[in-house]
Amino acid sequence: MSVLLDIIAGVREDMETRRQLVGLAELQDRILRTAPPLDAWAALGGDSAERAELKVIAEVKRRSPSKGDLAGITDPAALAAQYSDGGASIISVLTEERRFGGSLADLDAVRAAVDIPVLRKDFTCDEYMIWEARAHGADLVLLIVAALDDAELRSYLALTHQLGMNAIVETHTAEEIERAVAVGAKIIGINVRNLKTLEVDRGVFAALAGSIAAGPVVIAESGVRDVDDVRHYSAHGAHAILVGEALVKDSTPQERIGEFKAAGALQNHRS
């Protein structure tokens, strides 16, 4: 079994446990009492004729399958506030518990602490998780093309938009990009980490990004260590970068975000 499939098996099991405690009807009732979602598409420069400023999606991430423990993060809200103060456009919150040490409680804490869009970053494998994300205040969800068939991808994306949210549609190959474009993805992530082997190849972004026609926001995911990596992604067409490890291990993450944004501003971007 690949790492991705193994993770999803655990995610599905944990989701079913939560569903026994909180049914769909209760989530839908909560949504009626939840503030409307923020416009993540606009936050990423989606409505801009020129996307000259590189956007940073900063991640609250305690650990990962590839690196193990990264940071304790006893106060995810405080970390998210630092990210926001540093100029992040979106806060990404890992809610997968077994491999990443996240939770919906982290999402709740971050949502209450910042006034910018929040991504529930998890391995979405059921529509219930999309309703759940909105009930907890998320403005975006992650849809991984490799984990979904075309019918699921189209249905989940439609539900996301129905709820007023946006989705980052994550891809790893040219074929997955074609599938993302075919379902009308407005925000496409290119993850340079192979989710079957966990190996990182930063060259994957340069090889794939040029195949995406003007229109979608393009996000470079994984592998950001320093400003050189940011310049590399930016030069090859990234409108935004998603950064976790480099920020959670840094004592001054707000300063690092500023450096990343400045490095991206030196490059040319597609409109």
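The crossing of helices H4 and H12 is right-handed, and this is a feature of a predicted model. Helix H4 covers residues 76-86 and helix H12 covers residues 253-265, and the two pack at an angle of about 35° with their axes 8 Å apart. On the H4 side the contact is made by Leu79, Gln82, Tyr83 and Gly86, which meet Pro253, Gln254, Ile257 and Gly258 in H12. The residues of this contact divide into four nonpolar, four polar and no charged.

**The protein as a whole**

The protein has twelve helices and ten strands. Its radius of gyration is 17 Å, close to the 18 Å that the globule rule gives for 271 residues, so the protein is as compact as a globular protein of that length. Along the principal axes, the C-alpha trace spans about 50 × 40 × 40 Å. Of the 271 residues, 54% are buried. Among contacts with a separation of 6 or more, 68% are between residues 24 or more positions apart.

Which residues of helix H8 are buried? In this helix, which runs over residues 174-182, they are Glu176, Ile177, Arg179 and Ala180. These residues cover an arc of only 160° around the axis, and therefore they lie on the same side of H8. On the other side of H8, Glu178 and Ala182 are exposed.

The buried residues of H8 pack against two helices and two strands, which are set out in the table.

| Element packed against H8 | Residues |
|---|---|
| Helix H7 | 150-162 |
| Strand E7 | 166-171 |
| Strand E8 | 187-191 |
| Helix H9 | 203-209 |

Just after H8 comes Gly184, which takes a positive phi of about 85°.

**Ser103 in its loop**

Ser103 is found in the loop that lies between strand E4 (90-94) and helix H5 (104-113). Is Ser103 buried, partly exposed or exposed? Its relative accessible area is 23%, so Ser103 is partly exposed, given that buried means under 20% and exposed means over 50%. If residues up to four places away in sequence are not counted, Ser103 touches Leu94 and Thr95. Ser103 can also be placed relative to Tyr233, from which it is 130 residues apart in sequence and, C-alpha to C-alpha, 30 Å apart in space.

Note on methods:
Residues are numbered from 1 along each chain as its sequence is written. This is a predicted model: local features need pLDDT of at least 70, side-chain atom pairs count only at pLDDT 80 or more; totals for chains, interfaces and linings use all residues. Side-chain values use heavy atoms; hydrogens and water are left out. Axes are lines fitted to C-alpha atoms, for helices over the stretch in contact, and angles run from 0 to 180 degrees between N-to-C directions. Helices (H or I, at least four residues) and strands (E, at least two) are DSSP runs, numbered from the N terminus. A crossing is left-handed if the near helix is turned anticlockwise from the far one by less than a right angle, and right-handed if clockwise. Contact means heavy atoms within 4.5 Å. Ala, Val, Leu, Ile, Met, Phe, Trp, Tyr, Cys and Pro count as nonpolar, Asp, Glu, Lys and Arg as charged, and the others, Gly among them, as polar. Buried means under 20% relative accessible area, exposed over 50%, partly exposed in between (1.4 Å probe, protein chains only). The arc is that of the directions from the helix axis to the C-beta atoms. The radius of gyration is taken over C-alpha atoms; the globule rule is 2.2 Å times the number of residues to the power 0.38.
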